[in-house]
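Here is a short report on the structure shown below.

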Number of protein chains: 2
Amino acid sequence: MEDNALIVLGCSSATPNSVRFPSAQILHFRSKYFLIDCGEGTQMQLRRAKVPFERIDSIFISHLHGDHYFGLFGLLASLNLTGRKNPLTVYAPEGLEELVRYHFLKTEQPFSYPLQFVALPQEPCACIKKGRGYEIRAIQLNHRVPCWGFYFVEEPKERKIQKEAIDRYDLSIEEVKCIKNGSDLTLQDGTVIPNAELTIDPVPAFSYAYISDTMLKPDIAQYVQGARLLYHEATFLHDLLPLANTTHHSTARQAGEFAQMVHAEKLIIGHFSARYKDLNGHLTEAKDVFENVELASDLNLYTLYKPAYSIWN
Amino acid sequence: MEDNALIVLGCSSATPNSVRFPSAQILHFRSKYFLIDCGEGTQMQLRRAKVPFERIDSIFISHLHGDHYFGLFGLLASLNLTGRKNPLTVYAPEGLEELVRYHFLKTEQPFSYPLQFVALPQEPCACIKKGRGYEIRAIQLNHRVPCWGFYFVEEPKERKIQKEAIDRYDLSIEEVKCIKNGSDLTLQDGTVIPNAELTIDPVPAFSYAYISDTMLKPDIAQYVQGARLLYHEATFLHDLLPLANTTHHSTARQAGEFAQMVHAEKLIIGHFSARYKDLNGHLTEAKDVFENVELASDLNLYTLYKPAYSIWN
């Protein structure tokens, strides 16, 4: 699976229907697999998506409604059965650790791998994991129970130096390093060569924001400003805004509005209520506000540059 | 869905693969839906099978390995969300009630419906539910943890009286009742008319035995003797008998042997290890011993008289 790609494993809201599983996604990012939410059936969808269980780096659970974590029990048990040895960290709301440990204490063997839980922080936005060249932030959303979104952000990349420049100015390793970081070059005669003449733009850093479940909350936009790929829940169509407000969910139109606030490049909408068979209404409604939008669909793969496609037949 | 029909919702063993869900079945029997085991993903498979959640009469859990009950949490939560009011009884090994109640106490609203758990009895064979014209028995199997099979048995039906006999002998309501129960008729002149001349055979009573998970245990055969439709686990092929013995499972050949001991009419084999992609070996092996056998397959419907067929496309 290519880097900076997202596979939607489930995009239903609370009660699944015959074609949509509960929430779960796999993000392939910095050559790692991150599992975001883990609704019932996640392990079966991972099999279909051909994601090797043992490659999962860590798991992120947004909130403690069953449709976002009931699949964790089966997945953790299967990792045991398949003999995982690598440590696994689950970033989740406080309380999930106790539920999981209590359950397995009563029924199963001890885990074959070190299992660690990290409680999500009570801050509007906080870094929860830092890796080589990226970080992952948790962002407080506005749902009926404490709920977090996740923001996967690559560090800005170094500018690429033009090979001709190295030869022309006989650059030292130290000079190349400075130029890659954006410095101009001052020659011995005092001439300044602007950085733009020495370098080309790097591949833009990738970022992915997962915003589910929540009412539209414009405050949140600042924490994922410039997110290139954005998933936002769109449980209802806008005619059901009162219901969206009561249940602390969003409409497709609001998802589009959020993408506009954030200046995202591409929006994926999901977490659809089981009442909707046909999702064209959602697509149209979001598109009215934000052009580059795709519908989440189970076992579809999403990237920034290509249209989504199914990886399952 | 017709009566005396079984839908296999999942037929994998412990770790599911891309085409087989963990154990769960729906038996339509005496116009009721009985859910047998409830592995992860059961509620999604029920949607695909178009079984209305609220029609489920009761649930039978064979043992406390996750692949047989992890779907219970999602199903019970969805029954809450869809507003079930009818009571629901879960027949399960002791311990499951505490796990379920603890979980929902910590995370969810109280149930919208009366939820009752009945602990499976510590007896080789015991009636656990009696309804109009049928009973359901729990049978102790031989697995690594306490495990039960289930036997759904219709009461023998009354013989059907021939309409001509009523007219010919001018039978009273009382006489008809006795004849239907098998009595001969004694005329006023002392002549005895044998029952066979007055009646025809009734529709044979239906019975279904669910035997999973277990090592082959010939003792069990007596408790499901004459089961017309029989499901028996066949986790492995017979070349892996030592592994079957260690893990307290059966081979396809052993499933056939059990069907022969029971004098079943039709055998369904399932609970296949994820290592097997192609199941023809299982079919051949069981058929060597017992002719009328079908492979379990997710979302297939099984009856006594027709070949299995898929209800999902």
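## Salt bridges in chain A

A:Glu2 is partly exposed, with a relative accessible area of 34%. The model is a predicted one. The side chain of A:Glu2 meets that of A:Lys306 in a salt bridge, at 3.5 Å from N to O. A:Glu2 sits in the segment before strand E1 (5–10) of chain A, and A:Lys306 in the loop between strand E18 (300–302) and strand E19 (309–310), so the pair ties together parts that are 304 residues apart in sequence. A:Lys306 is partly exposed too, at 39% relative accessible area.

A second bridge joins A:Lys129 and A:Asp57, with the closest N and O atoms 3.3 Å apart. Here both partners are in strands: A:Lys129 in E7 (residues 125–131) and A:Asp57 in E4 (residues 56–60) of chain A, so this pair ties together parts that are 72 residues apart in sequence. A:Lys129 has a relative accessible area of 18%, so it counts as buried. A:Asp57 is at 21% and counts as partly exposed. The two values fall on either side of the 20% limit for buried residues.

## Chain B and the overall count

In chain B, B:Glu135 and B:Lys130 form a salt bridge of 2.9 Å, N to O. B:Glu135 is buried, at 17% relative accessibility. B:Lys130 is exposed, at 59%.

Shared partners also link salt bridges into a network of A:Arg30, A:Glu154 and A:Lys157. Over all chains, the count comes to 25 salt bridges.

## A negative patch

A:Glu164, A:Asp167, A:Asp170, A:Glu174 and A:Glu175 form a negative surface patch. Helix H4 (163–169) and helix H5 (173–180) of chain A each give two or more residues to this patch. A:Asp170 lies in the loop between H4 and H5. Its relative accessible area is 65%, so A:Asp170 is exposed.

## Two copies, one axis

How does chain B relate to chain A?

## A covered helix

Helix H2 (residues 71–81) of chain B is mostly covered, with 10 of its 11 residues buried. Among the buried residues are B:Leu72, B:Phe73, B:Leu75, B:Leu76 and B:Leu79. B:Gly71, B:Gly74 and B:Asn80 are buried as well. Just after this helix, B:Gly83 takes a positive phi of about 75 degrees.

## Backbone exceptions

Most residues other than glycine have a negative phi, and most peptide bonds are trans. Which residues take a positive phi although they are not glycine? A:Arg30 does, at about 55 degrees, and B:Ser31 does, at about 60 degrees. A:Arg30 lies in the loop between strand E2 (24–29) and strand E3 (32–38) of chain A. B:Ser31 lies in the loop between strand E2 (24–29) and strand E3 (32–38) of chain B. A:Arg30 is partly exposed at 28% relative accessibility, and B:Ser31 is partly exposed at 47%.

The peptide bond from A:Ser212 to A:Asp213 is cis, with omega near 0 degrees. The bond from B:Ser212 to B:Asp213 is cis as well, again with omega near 0 degrees. A:Asp213 is in the loop between strand E14 (207–211) and strand E15 (229–233) of chain A. B:Asp213 is in the loop between strand E14 (207–211) and helix H7 (218–221) of chain B.

Terms used. Residues are numbered from 1 along each chain as its sequence is written. Chains are lettered from A and ligands numbered from 1 in the order in which they are written. This is a predicted model: local features need pLDDT of at least 70, side-chain atom pairs count only at pLDDT 80 or more; totals for chains, interfaces and linings use all residues. Side-chain values use heavy atoms; hydrogens and water are left out. Patches are made of residues with over 30% relative accessible area and no salt bridge: like charges are joined within 9 Å, nonpolar side chains (Val, Leu, Ile, Met, Phe, Trp, Tyr) within 5 Å. Accessible areas come from the Shrake-Rupley method with a 1.4 Å probe; for residues, only the protein chains shown count as cover. A salt bridge is a side-chain nitrogen of Lys or Arg within 4 Å of a carboxyl oxygen of Asp or Glu. Lys and Arg count as positive and Asp and Glu as negative; His and the chain ends are not counted. The place of a charge is taken as NZ of Lys, CZ of Arg, CG of Asp or CD of Glu. Helices (H or I, at least four residues) and strands (E, at least two) are DSSP runs, numbered from the N terminus. Buried means under 20% relative accessible area, exposed over 50%, partly exposed in between (1.4 Å probe, protein chains only).
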